[in-house]
Amino acid sequence: DHPRLNASIDDEREELILKGRVHLGIAVAAKDGLVVPVISNAQLIDTRGLAAQIDDLGSRAREGKLVPAQLRGGTFTITSLGRLGGIVSTPIVNHPEVAILGVNAVRELPRYVGGELLPRQTMNLSISVDHRIADGQDAALFVREVGAILSEAAFPDVFEGAGGGS
């Protein structure tokens with residue numbers, strides 16, 4: 001739905017390459033440093049399926065059980081400071097990609113719902129984009145849509161505790 005954010009830049013040819021498929025990179029802190037395993041054709045997988053694959057790849061990355069082919073070909077990356085308790089982040093774009101989404105810790109905070117103050121699970125999403133390709137409106141519309149999807153999914157098993165994500 002947001003093709004300018006699922007793209008890459010060919011610096012030599014000075015070309016934007018819009019990707020037809022989403023190969024989702026998941027940034028994972030492993031014992032030897034940050035690695036970014038890739039879920040191929042993520043656009044074909046539902047939200048729960050993605051959550052399961054992210055959990056699996058994160059575990060295998062931390063155990064050092066990934067093969068080189070699993071670390072190539074990403075078109076968009078997600079990173080998370082949630083496990084560290086981070087509530088705001090400034091993710092760094094994984095060149096030659098155009099955008100990266102930062103997922104932060106889930107926190108229970110008071111929110112007004114129908115005029116009543118109630119506890120609600122909240123999470124900040126952060127995005128960085130290459131402004132040669134995408135602008136703030138592209139980024140804001142994408143983040144709003146992701147937030148709506150996560151709110152509608154409302155799967156408590158993913159949001160239990162303060163962590164979440166890899």
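Two residues are in contact when heavy atoms of theirs lie within 4.5 Å. The structure described here is a predicted model.

**Residue T122**
- T122 belongs to strand β9, which covers residues 116–129.
- Buried means under 20% relative accessible area; T122 has 15% relative accessibility and therefore counts as buried.
- When neighbours within four places in sequence are set aside, the contacts of T122 are A105, V106, R107, L109 and R111.

**The largest nonpolar core**
- In soluble globular proteins, nonpolar side chains tend to be buried together.
- The largest nonpolar core has 26 residues, of which L24, I39, F76 and L101 touch the most other members.
- Two or more residues of this core come from each of β1 (7–10), β3 (24–26), α1 (47–62), β7 (76–80), β8 (99–113) and α2 (136–153).
- Apart from neighbours within four places in sequence, L101 is in contact with several residues, including F76, I78, P91, L125, I127, F142 and V146.

**Helix α1**
- The 16 residues of α1 should span 22 Å at 1.5 Å a residue, and this agrees with the model because the end C-alpha atoms are 22 Å apart.
- Buried positions in α1 are L50, I54, L57, G58 and A61.
- Viewed down the helix axis, the buried residues of α1 fall within an arc of 105°, so they line one face of the helix.
- These buried residues of α1 pack against β3, β4 (28–30), β5 (33–35) and β6 (38–39).
- After α1 comes G64, which has a positive phi, near 70°.

Notes: Residues numbered from 1 in each chain as written. Predicted model: local features only at pLDDT ≥ 70, side-chain atom pairs only at ≥ 80, totals over all residues. Heavy atoms only, no water. Helix = DSSP H or I, 4+ residues; strand = E, 2+ residues; numbered from the N terminus. Buried < 20%, exposed > 50% of the residue type's maximum accessible area, 1.4 Å probe, protein only. Core = buried A, V, L, I, M, F, W, Y, C linked by side-chain atoms within 4.5 Å. Expected span 1.5 Å × (residues − 1). Arc of directions from axis to C-beta.
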